Amino acid sequence: MTQQPYLPILAVVAGLALLPLGLSSNTVLNFLSFAMIITLAAQGWNILGGYGGQFSFGHAVFFGTGAYGMALLQVRFGVNPWLALPVAMGLGAVVGFAIGYLSFRARLRGSYFALVTLAFAEVFRISANAWGFTGGAAGVLVPLRLDPANMQFADKRIGFWLALAFVAAVLALTLAITRSRFGAQLVAVRENEEAARALGVDALAVKLKAITLSGAITAAAGCLYTQKFLYLDATLAYGPWISVEALLAPIIGGVGTVFGPLVGAVVLLGLGEVTKTVFANLMGGSVPGVDLVVFGVLLIICVAYAPRGVLGLVQGWFRRKASA
Amino acid sequence: MSALLAVNAVTKRFGGLVAVDNASIEVAQGSITGLIGPNGAGKTTLFTVIAGFEPATSGSVAFEGRDITAMPTHKRAIAGIARTFQIVQPFAGLSVRENIAVGAFLRHPARASALAKADAVGHQVGLGAMLDQSASQLTVAGRKRLELARALATEPKLLLLDEVLAGLNPSEIRDMMPVVQAIRSGGVTILIVEHVMQAVMSLCDSVYVLAQGRIIAAGAPGEVARDPRVIEAYLGHGAAARMQAQAAGGAHA
């Protein structure tokens, strides 16, 4: 226990914030912004899955709700994006609470809970694809109007800094949770729900709080996604790709740790980009899906050899060095 | 002394099996009350009903004169009932201190005071040197102490101890008994399920004997141990008569 537990967060965020000052490459900036969005989605997953032990395979349902909420509020109702964002996060929270209430009250755990979340995400995806209001299969296009008041930035660095600000806030929030009563109860429920209840923990309430918060955070990632790409369809918003990345990033980075989702997202997307580039050069053209192969291999390696992720490996390495 | 806990005619059925059959017990304020009986008598089942993990099929449970039969587990903990598990249930991924802190957070919402409470309870049960260890590294005796510490950290009025001495060697039992006595001296009423007779005899003020789900005897530990029905429940039908005959034969010789 250091006196300044928030110092590492400040240092990491400051380091990341300075990165774009030395870089002018659009590719790198795009990569960094996208990595922050995935980090945010993964941070949402990590609160429920990493700390609460409730593994969701369908975080797309929150991401997509945030993304569609953000797009439709602007396009259909003319709401300013700065106002639409908190509303869309609220929608994510509502969806989280509803799914949590239905599944946790029915005492769904483990793979049953995972399957139910997957099913919810699919239902949302298919509905969004079919419904005219959401633009159906054609999707929604948010009109381009570069203006900070419209949360669209001519300078890509500002978009990155905005996403980073969200990541920073969630890093601080996650650390605050781990140091709170709610955090202790959440981890207790993950480790042994019966024992937790015997100690006065209202397991249902704790899990509901976690999934509501998780839904809001992952929805924020969806909002930023909408503002970055200004286009959505059902597969982008509710597709399995984001469910997979939201859970892979914490698992690879270090599940149930403050920095795990950030480390995992950067490693995951970084390796994905490198693989795509290498294969494109080797084959003389892009090979779609090759990054997914890498993700799969990474997951297998992680589960088999580094169940505590990259951060766990680094910690173990330092511990061995210290004791040697 | 008034009854802190009153179990009235509780029956618990699992399908066709009657695990607890019309059992009534009272635990006096400030006492250590024992619940003994042969394996499979229904002791742990009665505990789970008292702690709210299983609903009673019929009958009622009152705590401090208030009916708590329908109260969920976590609310009973808030009301002041804490239990340990016969099969220890540590939060394996957490340190000893963090384990105890989960209990301490019940009455201490602030982190600093919950951690201070956890440290104090850890020292009280003899885990002071192991607070920073992972709970999964503890020995069996250590895990039993951790069970006790976590329950104690919730600052209960009534502590339900389910075989905290089982699986310990004689010297570990000798170490543990003063800990239990000290908890009672601190004002906590204790209901204890135990197989280690030496401990039951020296710790308990009164004892209930459960056999095949029914309360077959109650009273001071010494009396209960001489009760023919109790001897038969443990050693089989006719055992009391045979022992008496043997004792009489021994006196004649």
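**Exercise 1.** Determine how helix 2 of chain A and helix 11 of chain A are oriented to each other.

Solution. Step 1: helix 2 (residues 26–51) of chain A and helix 11 (residues 240–253) of chain A pack with their axes 8 Å apart, at an angle of about 70°. Axes are lines fitted to C-alpha atoms, for helices over the stretch in contact, and angles run from 0 to 180 degrees between N-to-C directions. Helices (H or I, at least four residues) and strands (E, at least two) are DSSP runs, numbered from the N terminus.

Step 1: angles under 35 degrees count as roughly parallel, over 145 as roughly antiparallel, 65 to 115 as roughly perpendicular and the rest as oblique. Helix 2 of chain A and helix 11 of chain A are therefore roughly perpendicular.

Step 2: the crossing of this pair, helix 2 and helix 11 of chain A, is right-handed. A crossing is right-handed if the near helix is turned clockwise from the far one by less than a right angle, and left-handed if anticlockwise.

Step 3: helix 2 of chain A contributes residues including I38(A), A42(A), W45(A) and G49(A) to the contact, and helix 11 of chain A contributes residues including I242(A), E245(A) and P250(A). Two residues are in contact if their C-beta atoms, placed from the backbone, lie within 7 Å. The contact residues comprise 9 nonpolar, 5 polar and 1 charged. Ala, Val, Leu, Ile, Met, Phe, Trp, Tyr, Cys and Pro count as nonpolar, Asp, Glu, Lys and Arg as charged, and the others, Gly among them, as polar.

The model is predicted: local features need pLDDT of at least 70, side-chain atom pairs count only at pLDDT 80 or more, and totals for chains, interfaces and linings use all residues. Residues are numbered from 1 along each chain as its sequence is written, while chains are lettered from A and ligands numbered from 1 in the order in which they are written.

**Exercise 2.** Classify the orientation of helix 2 of chain A to helix 9 of chain A, and that of helix 3 of chain A to helix 5 of chain A.

Solution. Step 1: the axes of helix 2 and helix 9 (residues 203–229) of chain A come within 7 Å and cross at roughly 165°. Helix 2 and helix 9 of chain A are therefore roughly antiparallel. Their crossing is left-handed.

Step 1: among the residues that meet are S33(A), I37(A) and L48(A) in helix 2 of chain A and A210(A), I217(A) and K228(A) in helix 9 of chain A. By class, this contact of helix 2 with helix 9 of chain A has 14 nonpolar, 5 polar and 1 charged residues.

Step 2: helix 3 (residues 60–77) and helix 5 (residues 110–130) of chain A cross at roughly 30°, and their axes come within 8 Å. Helix 3 and helix 5 of chain A are therefore roughly parallel. The contact includes G64(A) and Y68(A) of helix 3 of chain A and F120(A) and F124(A) of helix 5 of chain A. The contact of helix 3 with helix 5 of chain A has 7 nonpolar, 2 polar and no charged residues.

**Exercise 3.** Describe the open sheet of 6 strands in chain B.

Solution. Step 1: the strand order in chain B is 6-7-8-3-9-10, and the pairing is mixed. Two strands pair if DSSP finds at least two bridges between them.

Step 1: strand 6 (81–83) and strand 10 (214–219) of chain B are the edge strands, each pairing on one side only. On average, neighbouring strands of this sheet are turned by 20° against each other, direction ignored.

Step 2: strand 3 (residues 32–36) and strand 9 (residues 206–211) of chain B pair in the parallel sense over 4 bridges. G34(B) has V207(B) in strand 9 of chain B as its bridge partner.

**Exercise 4.** Where does the side of chain B that touches chain A draw its largest share of residues?

Solution. Step 1: 22 residues of chain B are in contact with 18 residues of chain A.

Step 1: helix 2 (73–79), helix 3 (96–104) and helix 4 (111–124) of chain B each supply at least two residues of the side that touches chain A. The largest share, 4 residues, comes from helix 2 of chain B.

Step 2: by class, this side of chain B has 13 nonpolar, 6 polar and 3 charged residues.
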